[in-house]
Each structure stands twice: as structure tokens, then as C-alpha cells.
Amino acid sequence: MVDTNQLVNEVIKHADIVKVVQNYLTLTKKGKNYVAICPFHDDTNPSMVVSPEKQLFKCFVCGTGGNAISFVKQYEHVSFMEAVKKVAEISGYHPEGLDSVVKSKPVDEKQNAIIKCLHDLSLYYQFALNTPEGKEGLEYFESRHLDSDIRSKYKLGYAFKDGKATIDFLLKKGHSIKTIEDSGIAKMISVGNYADMNEGRVVFPICDPEGNVIGFSARILQAKSENGMKYVNTPETYLFHKTNNLYNFHIAKDAAKLKGYIYVCEGFMDIFALSKIGIDAAVAIMGTALTKEHIQLLRSLNVEVRLCLDGDLPGQSAMMKISNELAKAGLKFVVIDNQNSTRDPDEILSESGEEALKEYLSKFLNRFDFALNYYTQSNPLKTIEQKKNLLKEFLPILSKINSQIELDNYLLKLEKITGFDRETIRTYVNKNRLVQNDAANVAKALRDFHPERKLMQKLCLAEREMLYQMLGNDAALSFFERNVGSFYDDMYRQIANYLIEYHKQYNSIELNGLISFIEQSDVKDKDAIIEDLTRIVDENYHCKKCNDELLNNLLETMQDEKSRISEEDMLHESLENKDELEQARIIAEFNKMKTLKK
């Protein structure tokens, strides 16, 4: 029989939280800790701290915190034991019995049925491409220089013109008409009769991150199609959501982690062009805006993003919007320097060859230089308001430039774009620096100021201090059990109960283990408990030395405050339903007794 708790503790001991978090986020060293953009709220400045010493993470804006397992559990939205397994994998630790205690995910019958249906359909399309009727589709792919290796790698195919026969094929394979409809490829031609919406087109399968086909994009071969659309795409279905998927992510994710970068391109042909020159770390946004879900996929790779959209005005405009979104999300990125060329990667490869494409893909601009080029060449600013907005957007960036030569260069470029005098712009940059410094001072003052110490009652502060000492000292825990027994504050009481139970099982106080112990409980508000626990641990005003004098002083304060609260509760009860004269007499007697006690 596998001891799950022991197994979890072993995984924690072998885990390095820095390595685990770095598998998902970009960490920056700051003193003895690391900081990162917090993925658990809409963060723009690094507000999450990762402590190698404590093996904990904590966001000081949204409050989320915990150990390595807590992070993975919340980041990947998986069960506790699935997070344990993932942490073990990242740590390179493979304890015996771990697989047996990790419960498999519940089977989604509807999802599985659609995946099987689309898998069979994709194979059918690939088969059709190599039939006499499919020759036209094959010739199209060959005209685009997509050889058999590319066609096989990306499962390219052809949909027979007889769309009803395709539906019949799927029915014979055992798929229900409901599943075929749910897959998004069936169109009704009459009551009870369906045909393949992709009929007569070449087909580009779209896969989820695991490589399962979840949809298709199908292109016409004739000059005109029946519905006049060049492409027919799978509509939103139970599985397929265009805003959630990046084309080729299932192939690109591993290549990106190996190479340390990922190209974000516009369409299928760009992906194929990069693949031909050995670059698999590339995804396409498939003609949609970059969404939060797309950004989350890119963030999960923890690599440099390289924007590589078309050089025409729509492509550059889209790249401008995407660069702003990536900057807001805190992702590290660069922009391909197209040098005012309107050619896309596929055109460069076809017209100029491999080396030209490799050279094109190796020239980068930072966000600032790209924006300057964009507003100079592609989309000149026309109004005063547009020019002022540009300055407003880039003032924070300019304010962080320490090199006078570099700053002068940018000011000169901004002067040309906006028509504003560079010295005027410099004045605004200097003013913004002062504001930023003031903001930094205010932020530091807020970090150092603890108004809760004044607002919280003495009892709450005493209990919080006692709990802090218990989390790091066996003697404090024993003192609590002998002399206190229970806290007045509900949250502290729950933490203390978990701590006592954990100590009884393992005869030790280990913070990481305690957090996982709480994670495995059935209590509804365990995230709030862990949040408060990590906040207490990270507070820097607690006494660092625990001794009998401190513990006895805390005990005396708690007893006095509990007695005071009890007396005041009794006073309020005795005042109920009394007239004003009687209430005055009771209050006077109460104050007299308090004076005598002193």
C-alpha cells in the first residue's frame, strides 16, 4: 500500500521551486529571491516572488501563494495528485508508486467520440488526395512546393466532391450522425440528409496541443466556389475554438523549449516555409486577433516570442496590436525586421531560397524600434492627438533608458515622426522619471507600512505572532497545546489545527509539507487558508527569536484580550432592553470594576 502523504513529501523534498516555476514563467533574480509576472491575475509588473530559501511563491497583489505543487495545480488547473506527478517530472524524480495514486482524468465520452470521428475523417482526406479525383488537390500542393514529407507531417488532404459519400463513410465507420454534426463538418442538404462542408477542397487539419485533429480549414481549387468563399473553416464546436488554438502548437511546443524561441506567423504557408528550412518552433494565428488564451499558450513555453507577420499594412498593423498585447502580458518578444518588404516567408523561400529566409528570420527589432518604423513607414500619424498618444505610450520606456546616446537617438526619431521638438519631449521624459521615482517611493512606503497592525486588535496580533512561532518551532507548538489550546480567530484556528495534525503524523514542522497536507484536505476554503499561511510566513515584522519570555507575554496578552472581549460581550447583553437611566448605571458600575482591577 502506497503512503500518499509520504510520497508527496518525498516529491517536495526533491523539487526546486525555482526550476518548477521557470518551466512556466520567466523569472528575474532580485536579491536572494526571484520575481515574475503573476499568471493568476491581470499583472503587468512583476508582483510574484519566488523564494528558493523558503521554497514558496507568493503574489503580493492577488495573494496567491504556496509551494511548487500549489503553483502547478493552479497554473495547469489540474488535481493535486496530477500536480504532484508534474512536479516530479520537472524535477527528474520518479518515485515508485506515484503513477498508481494519480487518478486519471474523467473520460469525456462526447470529446472522445468527436476526436475519433475527426481522426477517421482526416485519414479519409489523406487517402482521397492520392486518388484520381484527388489529383487536382495534389497538383495544388505541389504547385506550392509542399512535398510528400510536408503533406504527411501536417496531414494535408483532399475532400471528395461527393460530400454525402463522406458522411456515409463516417456512418459506416460507426460514428453517429449526432457526433458527425458535433464535429462541425456536416451541412444539411435536405431533411435528414447531410454532406461534407469541405467537399471539393484541399484540407488543412487543425490540431489541439496534444496533436488530436479538432477542426479543418479547407481551400477551394476552382476559381469560384459554390459559396464564393476561398476558405471554409470548421465553426465553433464542442472541441474547436479558434481563439483557443494556435496552428502547429502541438509540434512547436517541444521545439520551442529546445530552441528557446517561437515564431508567431500569419498562416499555414508560413509554417510550412519555416518547416522546410528546419524551424519547427513556429505557430500561426490563423487570421484572428491574439487572444488571452493564445497568450497563455505562449506564456506556458517560457521562451522568446518572435513576431513574423506579413510585411503589408494589415500584417504590420496586426503586429503592432500583438506587440502591445505581449508587452501588457509581460512576455519577452522581438519583431522581425522586414526592412519594409511586403513579402511573407513562403514568398521569400520560393523567390530567394533558404539562406535568404534564414537571414530574414534572424534580424530583429525591439518593440520601440518596430513602433517607430511602423509609424514612419506603414501608418504615419496624422493628428496631434495621435502623436500625443504615441508619446504617452512610450514615455515609460524612454524613462528607463540610461544611455544618453541611445535616448538622444530615440528622441531624434520621435521628433521626425511627431514634429514635436526633441527638447520638449526630453522635458516630459524627465518629468515622467520623477513621477516614476515618486511612485516607487510610495510603493516602498506602502510595503513598509503595516496599517493592519494598528487596526487589528491586540488579540489578533498576539495570535498571529504565536502562530508564526509555531510554524518554525517545536517548543512554541508544545507551548500552544499545553497553555492555549485554540485561537479566537477562525483562520488561525484552522491553520493551527492542521499544523498540530501534521506534526502528530510526521513528528516535524515542515512548511512545504504542511501546505501540501492542507491541499489534500476536503475543506472548501483551503486556498484562502494557504494564502493567509504564506502571507504570515512572508511578513518581516515577526520576532526572529522564540523564547519562554516571548511565548508567556503572548499568552498573557491573549488571555487579557479574551477576558476583555468576554466582559464587553456581557456588558452589551446586560444593556439590552434597559431604559437610558438603567443603562447609565450599569456602564458606571462596569467602569468602576475595571478601575479596581487595574
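Buried means under 20% relative accessible area, exposed means over 50%, and partly exposed lies in between, with a 1.4 Å probe and protein chains only. Lysine 54 is partly exposed, with a relative accessible area of 32%.

This is a predicted model, in which local features need pLDDT of at least 70 and side-chain atom pairs count only at pLDDT 80 or more, while totals for chains, interfaces and linings use all residues. Residues are numbered from 1 along each chain as its sequence is written, and side-chain values use heavy atoms, with hydrogens and water left out.

Stay with lysine 54. Lysine 54 forms a salt bridge with aspartate 538, and their closest N and O atoms are 3.1 Å apart. A salt bridge here is a side-chain nitrogen of Lys or Arg within 4 Å of a carboxyl oxygen of Asp or Glu. Lysine 54 lies in the loop between strand E3 (48-51) and strand E4 (56-59), and aspartate 538 lies in helix H26, so the pair ties together parts that are 484 residues apart in sequence. Helices (H or I, at least four residues) and strands (E, at least two) are DSSP runs, numbered from the N terminus. Aspartate 538 is partly exposed, at 25% relative accessibility. By the salt-bridge rule, the count comes to 22.

Now follow helix H26. Two packed helices are described by the angle between their axes and the distance between the axes. Helix H26 (residues 526-538) packs with helix H22 (residues 458-470) at an angle of about 85°, and their axes are 10 Å apart. Axes are lines fitted to C-alpha atoms, for helices over the stretch in contact, and angles run from 0 to 180 degrees between N-to-C directions. H22 and H26 are therefore roughly perpendicular to each other, a label for angles of 65 to 115 degrees. From H22, the contact (heavy atoms within 4.5 Å) uses Arg464, Leu467 and Tyr468; from H26, it uses Asp532, Arg535, Ile536 and Val537.

Which side chains meet in a salt bridge at 4.0 Å, N to O? They are those of arginine 464 and aspartate 532. This pair links distant parts of the chain, with arginine 464 in H22 and aspartate 532 in H26, 68 residues apart. Arginine 464 is buried, at 6% relative accessibility. Aspartate 532 is buried too, at 11%. A network of salt bridges links Arg464, Glu531, Asp532, Arg535 and Glu539.

Another salt bridge joins aspartate 168 and lysine 164, with the closest N and O atoms 3.8 Å apart. These two residues are four apart in helix H9 (residues 163-172), so about one helical turn separates them.

Next comes a sheet. Four strands form an open sheet in the order E6-E9-E10-E11, with antiparallel pairing. Two strands pair if DSSP finds at least two bridges between them. Strand E6 (157-158) and strand E11 (231-233) stand at the edges with a single partner strand each, so one side of each has no neighbour in the sheet. Strand E10 (residues 213-219) and E11 run antiparallel and are joined by three bridges. Arginine 219 has tyrosine 231 in E11 as its bridge partner. Helix H7 (residues 135-143) packs on the sheet, touching E6, strand E9 (202-207) and E10; the direction of H7 makes about 70° with that of E9.

Finish in the loop between H7 and helix H8 (148-153), where histidine 145 lies. Histidine 145 is not a glycine, yet it has a positive phi of about 60°. At 52% relative accessibility, histidine 145 counts as exposed.

Note on methods: Angles under 35 degrees count as roughly parallel, over 145 as roughly antiparallel, 65 to 115 as roughly perpendicular and the rest as oblique.
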